[in-house]
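Me: I have a chain open in my viewer and would like to learn how to read it, feature by feature. Could you walk me through it?

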Amino acid sequence: MPAHRSPDHRSPDHGRRGSAARPTAVAASVAVAAMVVLAALLGGCGGTGHSGRSSQGNGSGQGGQGAGRDGAGVGADFDVRAENAKPGGDCGLARLGYNHAVEGWLDHTSIRSGDELRLFASTTAATVKATVFRIGWYGGRTCRLVTEVGPLPGRVQAPASRDPSTNTVSTAWEPTTTFATNSWPPGAYLIRLDDSEGFQTYVPLTVRNPAMSGRVVMLAAVTTWQAYNAWGGYSLYHGPKGFADRARAVSFDRPYDYGDGAADFTGNEAPVIILAEKLGLPVAYATDIDLHADPALLDGARAVVSMGHDEYYSPAMRAALTRARDRGVNLAFLGANAVFRRIRLGPTPVGPDRLETGYKIASEDPLNGVDNAAVTANWPSPPDASPESSLTGGMYQCNPVHADLVVRDPGHWLLAGAAVTAGSRIPGMIGSEYDRVDRAYPTPPRIEVLAHSPVVCHGRPDHSDVSYYTADSGAGVFDAGTSAWVCAVTDVCGSGAAGPVVRDFVTTVTTTMLTTFAQGPAGHQHPGAQSVPDDDAGGGGNPGSER
């Protein structure tokens with residue numbers, strides 16, 4: 001789960017479909033849990049936490065001499081095993097910046113190696129240093145120093161502005177430095193900002209592969225990160241007065257106010273990235289904005305991994321993922337509530353696709369009745385309702401729940417080696433959100449339910465499902481059906497879904513899935529069949545106008 005939130009991190013407005021409840025502020029006490037997660041996941045805290053030589057940059061970002069400066073592994077021939085053979089280091093936070101002590105954002109959510117990248121940082125200190133880490137599996141360590149720049153002159157940047165028509169908060173900051181990225185191999189990155197008073201924060205980045213052919217694509221859900229970002233007082237969920245004055249559009253031209261500046265990355269994505277690299281799989285990296293911008297992005301890919309929380313999808317994003325599946329690309333949804341919100345993307349003065357619009361209520365959207373296919377209501381809701389289940393298999397139901405995962409089909413190939421029997425319970429694995437197969441809505445016919453777990457949400461009995469189906473193309477599609485899946489891989493979910501039983505089960509199933517999906521269309525080896533519980537026949541959910 002996200003480093004800043006407890007396992008039941010999702011806002012109350014993510015309750016039963018049709019709920020009008022509003023998100024509440026994140027409790028300040030959760031900040032302590034955040035540091036525990038980061039220490040466990042990113043290899044410890046303290047000091048500068050890097051290996052290899054450093055350079056004292058002059059603000060241009062041209063002089064980094066950290067590990068990886070030779071550029072080996074960069075480009076289309078990127079070899080994750082060669083990359084992971086390099087020395088790792090520590091990239092944790094020792095002293096998190098607070099009250100805007102140090103923070104920053106980038107002019108791209110993803111780049112290709114060699115692209116120019118600008119950092120916009122603000123600090124109350126005299127100087128700031130930017131240290132660039134790649135996340136992976138480096139002989140037991142989970143990050144590697146790529147380069148560092150600084151110390152650079154510090155400054156408190158201009159206050160944010162707000163567009164009163166949409167409550168969109170953005171900044172017009174001056175660039176702090178420009179990075180030369182020629183030596184940066186594909187991967188998931190954290191740029192750590194350290195100011196001269198000892199405060200630190202992260203800024204996340206994806207360096208995408210030049211091509212995805214033959215690879216397992218790790219898809220960063222940056223549109224979901226931004227939807228929850230309330231930096232400056234407004235997110236797509238709330239403003240200072242609650243849901244009614246929420247933002248109707250959010251900008252990427254600002255820092256993230258949660259996850260220690262890294263949004264959902266550390267808890268909802270890093271654990272499965274680290275596992276995939278530990279397995280030596282032919283991974284590739286991209287964001288969902290890349291999926292929106294390039295319909296051919298996934299051509300030739302073996303699989304796409306949608307990580308722990310992948311909720312916000314433009315029509316172009318969904319069409320690209322559906323097209324990939326129909327061409328034999330395996331899909332894994334390692335969470336719940338995926339592909340639930342319909343959005344559209346537009347430009348800001350900084351660049352294209354940096355403004356994310358999501359009205360959530362169709363009648364508020366100016367395109368309602370004008371271009372219904374672009375209206376930013378929930379995907380299962382009118383106008384032009386298209387429930388996510390036709391792609392994901394499962395369908396989002398409710399929040400919050402906390403329950404054990406209950407195995408239904410212990411002989412399923414995905415559960416091989418998991419040492420479970422029918423009725424085995426994996427403690428606390430369901431929650432806080434969950435999906436269910438509901439054949440009252442569009443559902444692929446060859447779908448199998450591996451786990452069928454009783455839950456109670458807002459007083460209503462229901463079930464959470466782990467499911468797998470195969471498409472006509474042979475693609476296999478896996479839906480974990482719970483938002484506590486990815487964090488369990490490295491046992492950072494917190495109380496409820498913790499301990500070796502949970503970690504071993506999730507890691508075993510995820511390893512089997514990833515290694516099989518990396519070989520090509522999983523349905524050729526493991527064709528699906530219709531195998532669902534009787535109570536999944538229809539009517540389990542209520543796809544209404546959840547806010």
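Reply: Gladly; let's begin with a serine. Contact here means heavy atoms within 4.5 Å. Leaving aside neighbours within four places in sequence, Ser-314 is in contact with His-292, Ile-343 and Trp-379.

Me: What should I keep in mind about the model and its numbering?

Reply: This is a predicted model, where local features need pLDDT of at least 70 and side-chain atom pairs count only at pLDDT 80 or more, while totals for chains, interfaces and linings use all residues. Residues are numbered from 1 along each chain as its sequence is written, and side-chain values use heavy atoms, with hydrogens and water left out.

Me: Where is Ser-314 found, and is it buried or exposed?

Reply: Helices (H or I, at least four residues) and strands (E, at least two) are DSSP runs, numbered from the N terminus. Ser-314 lies in the loop between β15 (312-313) and α7 (315-325). For burial, the cut-offs are under 20% relative accessible area for buried and over 50% for exposed, with partly exposed in between (1.4 Å probe, protein chains only). At 1%, Ser-314 is buried.

Me: Which side chain does Ser-314 join through a polar contact?

Reply: A polar contact is a pair of N or O atoms within 3.5 Å; within protein, one must be able to donate a hydrogen and the other to accept it, and residues adjacent in sequence count only if both atoms are side-chain atoms. The side chain of Ser-314 makes one of 2.7 Å with that of His-292. Also look at Leu-345: it is 31 residues from Ser-314 along the chain, with 7.4 Å separating their C-alpha atoms.

Me: How do I read the whole chain?

Reply: Start with the totals: 11 helices and 26 strands, and 547 residues, of which 63% count as buried. Among contacts with a separation of 6 or more, 77% are between residues 24 or more positions apart.

Me: And how many residues does the largest nonpolar core have?

Reply: A nonpolar core is a set of buried Ala, Val, Leu, Ile, Met, Phe, Trp, Tyr and Cys residues joined through side-chain atoms within 4.5 Å. The largest has 92 residues, and those with the most contacts inside it are Met-218, Leu-405, Phe-478, Trp-485 and Phe-505. Helix α10 (residues 500-517) gives the largest share of this core, seven residues. Not counting residues up to four places away in sequence, Trp-485 touches several residues, including Leu-334, Met-429 and Val-509. A second, separate core of 30 residues includes Leu-298, Ala-320, Phe-333 and Val-477.

Me: How should I read the sheets?

Reply: Strands of a sheet pair through backbone hydrogen bonds, either parallel or antiparallel. Two strands pair if DSSP finds at least two bridges between them. Three bridges join β3 (residues 117-123) to β8, and Arg-118 has Thr-178 as its bridge partner in β8.

Me: What is the order of the five-stranded sheet?

Reply: That open sheet runs β2-β10-β9-β4-β5, with mixed pairing. Its edges are β2 (110-112) and β5 (141-153). Nine bridges join β4 (residues 127-138) to β5 in antiparallel fashion, and Thr-131 stands opposite Glu-148 in β5. Helix α5 (residues 270-278) packs on this sheet, touching β4, β5 and β9 (187-195). Axes are lines fitted to C-alpha atoms, for helices over the stretch in contact, and angles run from 0 to 180 degrees between N-to-C directions. The direction of α5 makes about 50 degrees with that of β4.
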